[in-house]
Amino acid sequence: KGLILVQSQYVTGAASSSITFSGLNGNTDRMYLLVHRLNISGGGGSTVNVTLRPNGLTTNVTGLYRSAQNAAYSQGYLSSNASHQLASLISAGESFGKTEIFAESSKPRYFVSNLSVFNVSLGKSQNLDWTTRWNETSTNITSLVIYCDVGGVQTAAIGVGSAFHLYKYEV
């Protein structure tokens with residue numbers, strides 16, 4: 001046993017504002033792995049945010065991040081209802097990474113990512129570790145939504161060529 005592919009999704013034809021993996025059962029599967037290649041376009045000079053939302057929700061979430069760009073490092077704690085970041089960059093770029101999702105209810109759920117992000121407008125790459133704790137403990141995770149916004153407005157900036165693969169761990 002090991003990793004079992006649950007579903008793959010590809011963006012073709014036109015950019016998308018969201019990608020949804022549905023029909024999940026976090027209580028049964030308990031742990032997922034999301035692998036992605038994300039092409040981002042259409043930010044128009046503004047910051048494009050791509051987030052991962054359990055059941056499409058953004059409530060009761062806290063996060064911690066660590067970022068490395070060139071020789072500079074930064075880290076921080078987000079105590080507000082901030083979704084789990086897969087990318088946050090200006091106008092256009094790429095994000096490659098993996099996210100482990102600890103999905104079983106009755107305890108807080110965790111989303112742990114290791115990402116490499118290239119920001120076209122800055123001409124720089126950034127390595128990012130991101131951990132999010134979803135404090136909701138009673139609701140089963142039945143879907144994962146990858147959501148894109150610019151300035152808080154849902155925007156079709158998940159570009160053509162983006163690929164998402166969701167696996168479950170099976171023992």
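Me: What makes Lys168 count as partly exposed and not as buried or exposed?

Reply: In this predicted model, Lys168 has a relative accessible area of 22%. Buried means under 20% and exposed means over 50%, so a value of 22% falls in between and Lys168 is partly exposed.

Me: Why is the pair Asp29 and Lys168 called a salt bridge?

Reply: The closest N and O atoms of Asp29 and Lys168 are 3.7 Å apart. The cut-off is a Lys or Arg side-chain nitrogen within 4 Å of an Asp or Glu carboxyl oxygen. The value of 3.7 Å meets that limit, so the pair is a salt bridge. Side chains of opposite charge can pair when their charged atoms come close.

Me: How do you know whether Asp29 is buried or exposed?

Reply: Its relative accessible area is 18%. The limit for buried is under 20%, so Asp29 is buried.

Me: What makes Asp29, Lys168 and Glu170 a network?

Reply: Asp29 forms a salt bridge with Lys168, and Lys168 also meets Glu170 in a salt bridge at 3.9 Å, N to O. Salt bridges link Asp29, Lys168 and Glu170. Glu170 is partly exposed, with a relative accessible area of 29%.

Me: How do you know that Lys107 and Glu104 form a salt bridge?

Reply: Their closest N and O atoms are 3.9 Å apart, and the limit is within 4 Å, so the pair qualifies. Lys107 is partly exposed at 43% relative accessibility, and Glu104 is partly exposed at 24%. A search of the whole structure finds 5 salt bridges, this pair being one of them.

Me: Why is Ser106 called exposed?

Reply: Ser106 has a relative accessible area of 59%. Exposed means over 50%, so Ser106 is exposed. Ser106 lies in the loop between E8 and E9. Ser106 also has a positive phi of about 85 degrees, although it is not a glycine. Another non-glycine residue with a positive phi is Arg30, at about 70 degrees, in the loop between H1 and E3.

Me: What makes the approach of Asn39 to Val160 a polar contact?

Reply: A polar atom of the Asn39 side chain lies 3.2 Å from the backbone oxygen of Val160. The distance limit is within 3.5 Å, so 3.2 Å is inside it. Asn39 lies in strand E3 (residues 31-40) and is buried, with a relative accessible area of 15%. Among the residues that Asn39 touches are Gly93, Glu94, Ala157 and Ser162.

Me: How do you know that Ser16 is buried although its place is in a loop?

Reply: The loop lies between strand E1 (2-10) and strand E2 (18-22). Ser16 has a relative accessible area of 18%, and buried means under 20%, so Ser16 is buried. Its side chain reaches the backbone oxygen of Ser18 at 2.8 Å. Contacts of Ser16 include Val11, Thr155 and Ile158.

Me: Why is E3 called largely enclosed by the rest of the structure?

Reply: Of the 10 residues of E3, 7 are buried, so the strand is largely enclosed.

Me: What makes E3 a paired strand?

Reply: Pairing needs at least two bridges. E3 and strand E8 (residues 93-102) have 10 bridges in the antiparallel sense, and 6 bridges join E3 to E13, also antiparallel. Both counts meet the limit, so E3 pairs with E8 and with E13. On the E8 side, Tyr32 stands opposite Ile101; in E13, the bridge partner of Leu34 is Leu166.

Me: Which residues of the largest nonpolar core touch the most other members?

Reply: They are Phe21, Leu34, Val50, Leu144, Ile146 and Phe164, in a core of 32 residues. Elements giving two or more residues to this core include E2, E3, strand E4 (47-54) and E13. Phe21 touches Leu34, Leu144, Ile146 and Phe164, among others.

Me: Where is confidence lowest, and where is it highest?

Reply: Confidence is lowest in strand E6 (residues 72-78), at a mean pLDDT of 65, and highest in E1, at 97. The protein averages a pLDDT of 85, and 88% of the residues score at least 70.

Key: Residues numbered from 1 in each chain as written. Predicted model: local features only at pLDDT ≥ 70, side-chain atom pairs only at ≥ 80, totals over all residues. Heavy atoms only, no water. Buried < 20%, exposed > 50% of the residue type's maximum accessible area, 1.4 Å probe, protein only. Helix = DSSP H or I, 4+ residues; strand = E, 2+ residues; numbered from the N terminus. Polar contact = N/O pair within 3.5 Å; in protein donor to acceptor, adjacent residues only side chain to side chain. Contact = heavy atoms within 4.5 Å. Core = buried A, V, L, I, M, F, W, Y, C linked by side-chain atoms within 4.5 Å. pLDDT = per-residue confidence, 0-100. Lists of a residue's contacts leave out its neighbours within four places in sequence.
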